There are 2 protein chains.
Amino acid sequence: MVRVPADVSELFSRDSRQIGESESILHDLPNEQSQTISLAYGDADPTCFPIAALVAGVEHILSVNPDPILNYAPPSAQLHELVATRLERRGVAVDRSRLMISHGSGHVLALLPHILVDVGDTIIVEGPSFLGAVEFFASTGATIETIPVTEHGMDLDVLEATLKRLRSAGIRPKFIYAIPTFQNPTGRLMPDHDRRRLVALAATYEVLLIDDDAYGDLHFDGSHAPSMLSYPGSEWVMHIGTFSKILAPGVRTAWAYGPDAIMRRLRQWKSDGPNGPFMTHLVARVSADGWLDRHIATLNQTYAHKYQVMRAAIDAHFPADVVTTSVEGGFFVYGYLPADLPARPLVDVAIRHGASFLPGTTCYANGQGTHEMRLAFSYQSVENITTGIARIGAAMRELRATR
Amino acid sequence: MVRVPADVSELFSRDSRQIGESESILHDLPNEQSQTISLAYGDADPTCFPIAALVAGVEHILSVNPDPILNYAPPSAQLHELVATRLERRGVAVDRSRLMISHGSGHVLALLPHILVDVGDTIIVEGPSFLGAVEFFASTGATIETIPVTEHGMDLDVLEATLKRLRSAGIRPKFIYAIPTFQNPTGRLMPDHDRRRLVALAATYEVLLIDDDAYGDLHFDGSHAPSMLSYPGSEWVMHIGTFSKILAPGVRTAWAYGPDAIMRRLRQWKSDGPNGPFMTHLVARVSADGWLDRHIATLNQTYAHKYQVMRAAIDAHFPADVVTTSVEGGFFVYGYLPADLPARPLVDVAIRHGASFLPGTTCYANGQGTHEMRLAFSYQSVENITTGIARIGAAMRELRATR
């Protein structure tokens, strides 16, 4: 008998085999050059990173008592309380035992499908959405229902019809993943009455609502939309927040607040053992005594200005039939392109002109978005935003002329 | 029809339901008081933390170019190369594409069972072992085979007989989890010929060998046992190393090197998205230019001395029929207790005397270890080690007198 040489992949679990080494949905990312002005990604503005505060914070926490910072220890209790207090300020009646400090929001977004989803289960996402999260969900073999995003965020009529249709078919979706506040990628802010209805729909259909609130503090005018945790039915809401956008993505510190049964599983499954306590103490230290509120106010001034610069550049350089979203916060503007300007060829031309954006197809799990684009105003300098938009506008005119 | 009120736990995945909210195997942890001298846990010596180097390192990396440190970015390429070079120094022919920087070794240990194990699959662990890892494995619903640890580490005759028996029964275990170097909890160092045989057994039976090498650099005399990656059959070896013991647990930075197919899945499943690059840059910065080697030499002097202090205290204070392991490195001494000194009652008495240790049952997945104890010399000061051992010795005499 000739034996085929053994390979470790024979040892793979059922899930590993079923899901396969699938190509990433994120196949359409721009192939940027080093000189490209990238408006593709929602990185934070590096000039806003509080370098001095972070260095002083490290010096402080390591000089006071390095043991619980650098040995095995739980996350900072001070940070847990700071997050709880911030939620309370937004009108949430916080049960502190249901609040968890996590290693970035991606940590929780990756664990939730393992806790909730089997191969073949149905989940509901917005289209377009944050595909970093949707990729985690897809990796569990879930069937993904996509709900369009209107001017007011997720289209709740379509959502209700979808929930009704699924229920008729005997399907109870595991969760709805939504970004109601300055949605990634559209920048849309869901109004109060829609927020209330979305929570009510989740409760009526007994489906978990994952509220990814990454941009909640970044309302240019300094106000806050009501927390999804403040409406009737909030026992079906899992709120996820992060310090990535209000301090720095690199601190990898976030939080989750949700139903007790799910929080207990999150703690049980938390796949990387205890978080390093270091960053949680550092974030708590630099955020204390009102510093975080002052920093957020500065960020909102900065990002409001950068958005205005991008808005003015779009008005000056894009053809009139390219429609872009007007936003009041967050990191992104989203564009809807006319039929003769498909995003994928456009980004290739744009990169030749020295600028890039994110093609809309990378924001959908279902192949939609061929004529859509995400533009991030968060990362680049105002000069680069203006130049980048002008270059993309030039690419639009060139592509149009060659068709 | 009266409907039972809906609960989010109805949404749980098959795995969540099957595994249940199981009680932790770690049910037997000492309930220490704040005045207890704990010899239970393998925390690092906080007086060895390089505070000044870490503060200077943060200042440096944030002043040079904070963008790739604090925004979304891959781990430090410099750190990847530093780890590769260190493996090469130990005689490993390193394929850099198979090396991954991870968020602590727990991150990889948690992902491996998801990649490899279905409910009902068999895995093989040492008994006693590091139950933090074994708990991750148990959470996937695996059947656990326990191989005893002798003076030379895992008993390879029992391992071979087990592999043979399982094969006869048509069972191919998914992996063998071993800590061949200064094993947690016994401190045993597997000799060269046994290391060779262990790798050969994994290859013969076509089973993955997970080499948890957390203590590999901590040989008191500064030497290195041969890497498990350096033997014939190493294509079945997954090596996991960490900066936890040689820098600080709180940096949560580790690495994994293994078969290509598994490394690709690890990257695909890496559940918390990109690691924060911050810590990887900081570890690379402080470790550069030979600093890490000098630091490890200092650590080995420190830990060798603390072990000698614990050894002398044990000889002075423990009854002669308590047998403890002699070790050449690592963090732990392991004790075998006579029939009239069961560990669980003993630790209660010891805590009344003001000291604690880890009962052996917490190091077994199968309830063994009732008359065994782990003593960590890594964390406490030399004064506390002496006092703590004296107190535990007094507890032994008291418990013996009352029986």
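How many residues of chain B are in contact with chain A, and how many of chain A with chain B? In this predicted model, 60 residues of chain B are in contact with 59 residues of chain A. The elements of chain B that each give two or more residues to this side are α1 (14-19), α2 (51-64), α3 (67-70), α5 (105-116), α9 (260-269) and α10 (277-287). Of these, α5(B) gives the most, with seven residues. By residue class, the side of chain B that touches chain A divides into 31 nonpolar, 15 polar and 14 charged residues.

Two copies of a chain are related by a rotation about an axis and a shift along it. Here chain B is superposed on chain A by a rotation of 180° with 0.0 Å of shift along the axis, at an RMSD of 0.0 Å. This is the relation of a two-fold axis. The same surface serves both copies, as 98% of the contact residues of chain B recur in chain A.

Chain A has 13 helices and 14 strands. Its radius of gyration is 22 Å, close to the 22 Å that the globule rule gives for 403 residues, so chain A is as compact as a globular protein of that length. Along the principal axes, the C-alpha atoms of chain A fill a box of roughly 65 × 60 × 55 Å. Of the 403 residues of chain A, 53% count as buried. Among the contacts in chain A with a separation of 6 or more, 76% are between residues 24 or more positions apart.

Within chain A, eight strands form an open sheet with mixed pairing, in the order β2-β9-β8-β7-β6-β3-β4-β5. The edges are held by β2 (99-102) and β5 (153-154) of chain A, each with a single partner strand, so one side of each is left without a neighbour in the sheet. Strand β8 (residues 237-242) of chain A pairs with strand β9 (residues 254-257) of chain A in the antiparallel sense, over four bridges. In β9(A), W255(A) is the bridge partner of G241(A).

Helices also lie against this sheet. Helix α4 (residues 77-89) of chain A lies across β2 and β9 of chain A and runs at about 125° to β2(A). Helix α7 (residues 156-168) of chain A packs on the sheet as well, touching β3 (122-127), β4 (143-150) and β5 of chain A. The direction of α7(A) makes about 155° with that of β4(A).

Technical notes: Residues are numbered from 1 along each chain as its sequence is written. Chains are lettered from A and ligands numbered from 1 in the order in which they are written. This is a predicted model: local features need pLDDT of at least 70, side-chain atom pairs count only at pLDDT 80 or more; totals for chains, interfaces and linings use all residues. Two residues are in contact if their C-beta atoms, placed from the backbone, lie within 7 Å. Ala, Val, Leu, Ile, Met, Phe, Trp, Tyr, Cys and Pro count as nonpolar, Asp, Glu, Lys and Arg as charged, and the others, Gly among them, as polar. Copies are superposed by least squares on the C-alpha atoms of residues with pLDDT of at least 70 in both. Two strands pair if DSSP finds at least two bridges between them. Axes are lines fitted to C-alpha atoms, for helices over the stretch in contact, and angles run from 0 to 180 degrees between N-to-C directions. The radius of gyration is taken over C-alpha atoms; the globule rule is 2.2 Å times the number of residues to the power 0.38. A residue is buried if 20 or more other C-beta atoms lie within 10 Å of its own, exposed if 12 or fewer, and partly exposed in between; C-beta atoms are placed from the backbone.
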